[in-house]
Amino acid sequence: MTTAIPVNGQIIGMAHYATRAVLERLLATTGTTFHQSVALTATADKGGTIERRQLVERMTGAVKLDVSVVEQTLSELTSAGLLEEQPGDRPLPALTAAGEALERDHRTGVARATAALYADLPAEDLATAGRVLTEVTARANAVLATG
């Protein structure tokens with residue numbers, strides 16, 4: 001008989017930090033920081049080009065970063081030749097060929113790690129965990145929004 005483990009912030013945090021450490025190890029092989037990988041992935045998810053405002057909002061909202069950290073990260077990526085500003089009325093960061101290749105490599109590595117971590121977990125358990133964690137995130141964001 002399996003003993004039920006109560007889910008709380010500590011258990012969720014431990015899972016987060018353990019999986020984040022796996023990701024950090026992967027990123028270290030390319031000299032990429034976590035924040036840089038978030039920016040590259042967010043840009044790739046929008047087809048390789050994203051409005052700067054949207055990118056900043058995604059990083060400040062999802063990862064809870066200060067705007068100054070996001071701006072520093074985008075500056076680092078631009079200096080490294082992984083992002084470039086597209087001309088136009090609004091700032092429009094875009095992946096360079098090198099940024100696209102790096103993000104694709106990261107995505108492949110993350111997919112392999114994810115497959116190993118979640119391999120034999122029942123689909124219904126994963127679906128339940130996904131629903132619960134999505135609701136906890138929404139509630140925490142609501143608390144943060146109230147000041």
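Helix α2 (residues 34–45) packs against helix α5 (residues 97–118) at an angle of about 100°, and the two axes lie 10 Å apart. That angle makes α2 roughly perpendicular to α5, a term for angles of 65 to 115 degrees. The structure is a predicted model, in which local features need pLDDT of at least 70, side-chain atom pairs count only at pLDDT 80 or more, and totals for chains, interfaces and linings use all residues. Residues are numbered from 1 along each chain as its sequence is written, and side-chain values use heavy atoms, with hydrogens and water left out.

Contact here means heavy atoms within 4.5 Å. On the α2 side, Ser 37, Leu 40, Thr 41, Ala 44 and Asp 45 take part, and they meet Leu 102, Glu 103, His 106 and Arg 107 of α5.

Helix α1 (residues 9–28) also packs with α5, at an angle of about 145° and with the axes 10 Å apart. Such axes are lines fitted to C-alpha atoms, for helices over the stretch in contact, and the angles run from 0 to 180 degrees between N-to-C directions. The contact joins Thr 19, Val 22, Leu 23, Leu 26 and Leu 27 of α1 to His 106, Gly 109, Val 110, Ala 113 and Leu 117 of α5.

The protein has 6 helices and 2 strands, where helices (H or I, at least four residues) and strands (E, at least two) are DSSP runs numbered from the N terminus. Along the sequence, the pattern reads α-α-α-α-β-β-α-α. The C-alpha trace spans about 60 × 40 × 20 Å along its principal axes.

Key
Angles under 35 degrees count as roughly parallel, over 145 as roughly antiparallel, 65 to 115 as roughly perpendicular and the rest as oblique.
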